[in-house]
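Dear colleague,

Please find the structure below, together with its sequence. A summary of the findings follows it.

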Amino acid sequence: MEQAACDHPALLGCADVDWSRIPGCPDGVPVLLRSLLDEVAGPAVMPVLENVLMNSVFHVSAVMPAVLPFLIRLAAVPDIAVRSGLVGFLAVAAELSSPVDADDERQVLLFGKDSDHPEREWCRAAFAAHASAVRALLEDGVLPDGLISVDDRECLLRAVPPRRRPS
């Protein structure tokens with residue numbers, strides 16, 4: 001079943017993830033990801049997946065870093081019904097994975113210390129590893145007008161390392 005759930009090119013490698021080793025990860029994550037591609041099921045599955053990937057309003061779950069590569073690739077699928085939701089959710093993930101300033105009491109109170117939330121660093125690593133796909137997604141003309149706000153675009157660009165310039 002999980003192999004069949006991961007047959008779309010955007011989900012390549014999904015069946016290779018040992019989802020059972022991720023704390024708090026439900027067995028059906030591959031099926032949820034595959035369901036995002038379905039025009040009817042996708043909109044109903046999106047909030048379920050968001051609940052799995054968020055521990056609270058301010059915290060990503062340990063599942064998020066493993067799912068990010070698939071969400072990034074799914075957001076690039078032009079005819080997916082939940083595309084705008086995926087792009088917006090990627091911006092939320094990028095924002096919530098930003099490092100917390102340990103000297104800012106308010107930030108620490110809201111988001112906790114980075115040392116207590118290693119999933120944020122793992123998300124930053126996932127965004128960095130897939131930086132070229134994120135940049136390609138954000139290139140002018142790839143996303144239709146109105147699909148991503150200027151703020152969300154900037155947030156996603158901050159989540160990936162700058163392009164290296166040839167020396």
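This is a predicted model: local features need pLDDT of at least 70, side-chain atom pairs count only at pLDDT 80 or more; totals for chains, interfaces and linings use all residues.

Which residues line the largest pocket? The lining is made up of Arg135, Leu138, Glu139, Arg153, Leu157, Val160, Pro161, Pro162 and Arg163. Helices α8 (131-138) and α9 (150-158) are the elements that give two or more residues to this lining.

Residues are numbered from 1 along each chain as its sequence is written, and side-chain values use heavy atoms, with hydrogens and water left out.

The volume of the largest pocket is about 160 Å³. A pocket is an open set of points on a 1 Å grid over the protein atoms alone, where a 1.4 Å probe fits, with protein on both sides within 12 Å along at least five of seven lines; lining residues have an atom within 4 Å of a point. The volume is the space filled by probe spheres set on the points, which are joined across faces, edges and corners. Helices here are DSSP runs of H or I with at least four residues, and strands are runs of E with at least two, numbered from the N terminus.

The largest nonpolar core holds 52 residues, of which Trp19, Leu33, Leu36, Leu71 and Phe127 touch the most other members. Such a core is a set of buried Ala, Val, Leu, Ile, Met, Phe, Trp, Tyr and Cys residues joined through side-chain atoms within 4.5 Å. Buried means under 20% relative accessible area, exposed over 50% and partly exposed in between, with a 1.4 Å probe and protein chains only.

The structure holds one aromatic pair. Tryptophan 19 and phenylalanine 70 form this tilted pair, at 6.3 Å centre to centre and 50 degrees between the planes (ring centres of Phe, Tyr and Trp, the last by its six-membered ring, within 6.5 Å; planes under 30 degrees apart are stacked, over 60 edge-to-face, the rest tilted). The partners are 51 residues apart, with phenylalanine 70 in helix α4. Tryptophan 19 is buried, at 4% relative accessible area, and phenylalanine 70 is likewise buried, at 4%.

Alanine 94, in helix α5, is buried because its relative accessibility is 3%. Beyond residues up to four places away in sequence, alanine 94 touches Phe127, Cys155, Leu156 and Ala159 (contact means heavy atoms within 4.5 Å).

Yours sincerely
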